[in-house]
Amino acid sequence: MTEAVEVRYAEPGSSWWPLLWGPAFALLGLVVELATPGPLHLPQWPVLAVLLAAAAVPWVRARRRFHSVTLTTVELTVGGESVPLDRLVLPEAEPATRAARVLGAASTVPKGMTEVPLLLRQPADPDSAGDSDSAGDPDSAGGSGAAVEPVTAVDFDAGAETASEPVSGLESDTTAGTETVVLAWARSPEALRAELVTLLRSE
């Protein structure tokens, strides 16, 4: 039976109150029109209120999607990007964040938010294990099973050639398991960091 996911921290990004700004403006205009002499435009004000409210819907939805922060017992979601907690590490010291990637597909930390530096573990590449196994397989295309010829080094001082040890294991460095600095962000970074400390150190 799977463990229930618990929300430990949440910022919606925006409330739905901005939808009332347009109707409030239309109501204010109607009150001013009623209080001053001149023609009344009673049908136009409700239509204006509806149009302004409808125009604010995409703005609110975008902020709730791209400016929201949610931390559960399973993952951290920042601006629509979710990262499993088992890939996150709390830095022991304050890391350099000049070239760090900002979570949430943003180039910079959104205005009004404060960065929370974290370390992100790179996932292991499943193809790398297969490549290393096939290198020593005589039946594979990449590994013929033939012995590696020793590399001959020339001693320019003595004018003679000496055979060095066979070169084996010319493998490229892998980035699997390494940690890179990323920037989460929140309006209340202390609260988010406190919950991350509790969750990550309990694993």
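Predicted model: local features only at pLDDT ≥ 70, side-chain atom pairs only at ≥ 80, totals over all residues.
**Exercise 1.** Locate His67, classify it as buried or exposed, and list its contacts.

*Solution.* Step 1: His67 lies in the loop between helix H2 (44-66) and strand E2 (69-72). Step 2: with a relative accessible area of 17%, His67 is buried. Step 3: apart from neighbours within four places in sequence, the contacts of His67 are Glu11, Gly13, Ala62, Pro110, Met113 and Trp185. Trp185 is also one of the contacts of Val78.

**Exercise 2.** Give the order of the strands in the open sheet of four strands, and state which strands stand at the edges.

*Solution.* Step 1: the order is E5-E7-E10-E6, and the pairing is mixed. Step 2: strands E5 (88-89) and E6 (101-102) each have a single partner strand, so one side of each is left without a neighbour in the sheet and these two stand at the edges. Step 3: E5 and strand E7 (residues 114-121) run antiparallel and are joined by two bridges. Step 4: Leu88 stands opposite Leu120 in E7. Step 5: helix H4 (residues 189-200) lies across E5, E7 and strand E10 (179-186), at about 25° to E7.

**Exercise 3.** Describe the one aromatic pair of the structure and explain what it ties together.

*Solution.* Step 1: the pair consists of Trp21 and Trp59, with 6.2 Å from centre to centre and 45° between the planes, and it is tilted. Step 2: Trp21 belongs to helix H1 (residues 21-35) and Trp59 to helix H2, so the pair ties together parts that are 38 residues apart in sequence. Step 3: Trp21 counts as exposed at 57% relative accessibility, whereas Trp59 is partly exposed at 43%.

**Exercise 4.** State where UniProt places the feature "transmembrane region", and describe each span in the model.

*Solution.* Step 1: the unreviewed UniProt entry places this feature at residues 16-36 and 42-60. Step 2: residues 16-36 are 71% helix and 0% strand, and their end C-alpha atoms lie 32 Å apart. Step 3: residues 42-60 are 89% helix and 0% strand, with end C-alpha atoms 28 Å apart.

How values were computed
Residues numbered from 1 in each chain as written. Heavy atoms only, no water. UniProt positions renumbered as here; feature names shortened; annotations may be inferred. Contact = heavy atoms within 4.5 Å. Pairing = 2+ DSSP bridges. Axes fitted to C-alpha atoms, helices over the stretch in contact; angles between N-to-C directions. Buried < 20%, exposed > 50% of the residue type's maximum accessible area, 1.4 Å probe, protein only. Phe/Tyr/Trp six-rings, centres within 6.5 Å; stacked < 30°, edge-to-face > 60°.
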